[in-house]
Amino acid sequence: MPTPAGSTIIPCLRYDDALRMIDWLRDAFGFQAQAVYADGDTVHHAQLVFGSGMLMLGSTQRGSEWGDLITQPRDIGGRTTQSPCVVVTDPDAHYARAKAAGAEIVQDIADQPYGGRGYSCRDPEGHLWWFGSYDPWAK
């Protein structure tokens, strides 16, 4: 859902096995595939939605103008330079679902000093995620 100003930010990630990760992100985190454009094992572009938010992803592509600008966490010692932050209504249930699906929990679920409750984890390809109930849009 766009903001009243008509703009929004959509995180974009690349995965080595994007088709598998689309399924994993659905099962572990609750995303739904809105659109997937693929040829065989290569995902050129996919749109996954969670509530009113969206994530776009595609297959890792070396040798392309855009693909050569992006690195994977495994290539830089498991570090990342950004991470999606997802507001969830029941962080404890979300935590249990993600953990059961094999997400690597890197910060256990806890109440946060700024409000809300949340946790952080890595997906199977090492991307870092934050899930919590703190809603910066709430009044």
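**Figure 1. Pro84 in a predicted model.** Pro84 counts as buried because its relative accessibility is 5%, where buried means under 20% relative accessible area with a 1.4 Å probe and protein chains only. The residue sits in the loop between strand E4 (53-59) and strand E5 (85-87); strands (E, at least two residues) and helices (H or I, at least four) are DSSP runs numbered from the N terminus. Leaving aside residues up to four places away in sequence, Pro84 touches Pro11, Leu13, Leu128, Trp129 and Trp130, contact being heavy atoms within 4.5 Å. The model is predicted, with pLDDT of at least 70 needed for local features and 80 or more for side-chain atom pairs, while totals for chains, interfaces and linings use all residues. Residues are numbered from 1 along each chain as its sequence is written, and side-chain values use heavy atoms, without hydrogens and water.

**Figure 2. The largest nonpolar core.** This core has 25 residues, of which Tyr15, Leu25, Phe29, Leu57, Trp129 and Phe131 touch the most other members. A nonpolar core is a set of buried Ala, Val, Leu, Ile, Met, Phe, Trp, Tyr and Cys residues joined through side-chain atoms within 4.5 Å. Elements giving two or more residues to this core include helix H1 (18-29), helix H2 (91-100) and strand E8 (128-132). H1 provides the largest share, 7 residues.

**Figure 3. Surroundings of Phe131.** Not counting residues up to four places away in sequence, Phe131 touches Phe29, Val86, Val88, His94, Arg117, Gly118, Tyr119 and Cys121. Phe131 and Phe29 are both among the core residues that touch the most other members.

Conventions:
Buried means under 20% relative accessible area, exposed over 50%, partly exposed in between (1.4 Å probe, protein chains only).
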